Amino acid sequence: MAKTCLCRFCGKVFNAWSNRTCCNECQQKEEEEFERIENYLNRYPNSNAIQIAEGLDISPFDIIRYIDEGRLYVSKGEFKSIGGGKK
Ligand SMILES: [Zn+2]
């Protein structure tokens, strides 16, 4: 059965056979976003999800979603470390 999904780029509601967060029209945007992440990782290979998100101004949850989908192999990082400062 098709699922009702919400596109995280344009906010459109659409039906898909699997859980998706991006509609067909915005598929290109997601590919571009993913390419930006890959480029970032080439420059900063030891980045974790939080650092990538901050460096590229992308939601950390989107990065983690890529990790969960198996498209990215990086550490998720510690959410609580954001703005926490080092002791
Ligand atoms: Zn869309």
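What share of the 87 residues in the protein is buried? It's 14%, where buried means 20 or more other C-beta atoms within 10 Å of the residue's own, exposed means 12 or fewer, and partly exposed is in between, with C-beta atoms placed from the backbone.

Quick housekeeping. This is a predicted model, so to speak of local features we need pLDDT of at least 70, side-chain atom pairs count only at pLDDT 80 or more, and totals for chains, interfaces and linings use all residues. Numbering starts from 1 along each chain as its sequence is written.

Okay, the layout. We've got 3 helices and 2 strands, and from the N terminus the order is β-β-α-α-α. Those are DSSP runs, numbered from the N terminus: H or I with at least four residues for helices, E with at least two for strands.

Now, how do H1 and H2 sit against each other? Their axes come within 10 Å and cross at roughly 110 degrees; the axes are lines fitted to C-alpha atoms, for helices over the stretch in contact, with angles from 0 to 180 degrees between N-to-C directions. That makes H1 and H2 roughly perpendicular, the label for 65 to 115 degrees; under 35 is roughly parallel, over 145 roughly antiparallel, and the rest oblique. On the H1 side the contact is made by Arg36, Ile37 and Tyr40, and on the H2 side by Ile52, Gly55 and Leu56. Contact here means C-beta atoms, placed from the backbone, within 7 Å.

The largest nonpolar core has 7 residues, including Ile37 and Ile52, along with Ile63 and Val74. A core like that is a set of buried Ala, Val, Leu, Ile, Met, Phe, Trp, Tyr and Cys residues joined through C-beta atoms within 7 Å. Helix H2, residues 49–56, gives the largest share, 4 residues. And Ile63? Leaving aside neighbours within four places in sequence, isoleucine 63 touches Ile37, Ala49, Ile52, Ala53, Ile58 and Leu72.

Last stop, asparagine 48, in the loop between helix H1 (27–43) and H2. Buried or partly exposed? Asparagine 48 counts as partly exposed, because it has 17 C-beta neighbours inside 10 Å. Leaving aside neighbours within four places in sequence, asparagine 48 is in contact with Val74, Ser75, Lys76 and Gly77. Asparagine 48 and tyrosine 73 are 25 residues apart in sequence, with 9.4 Å from C-alpha to C-alpha.

Notes: Contact = placed C-beta atoms within 7 Å.
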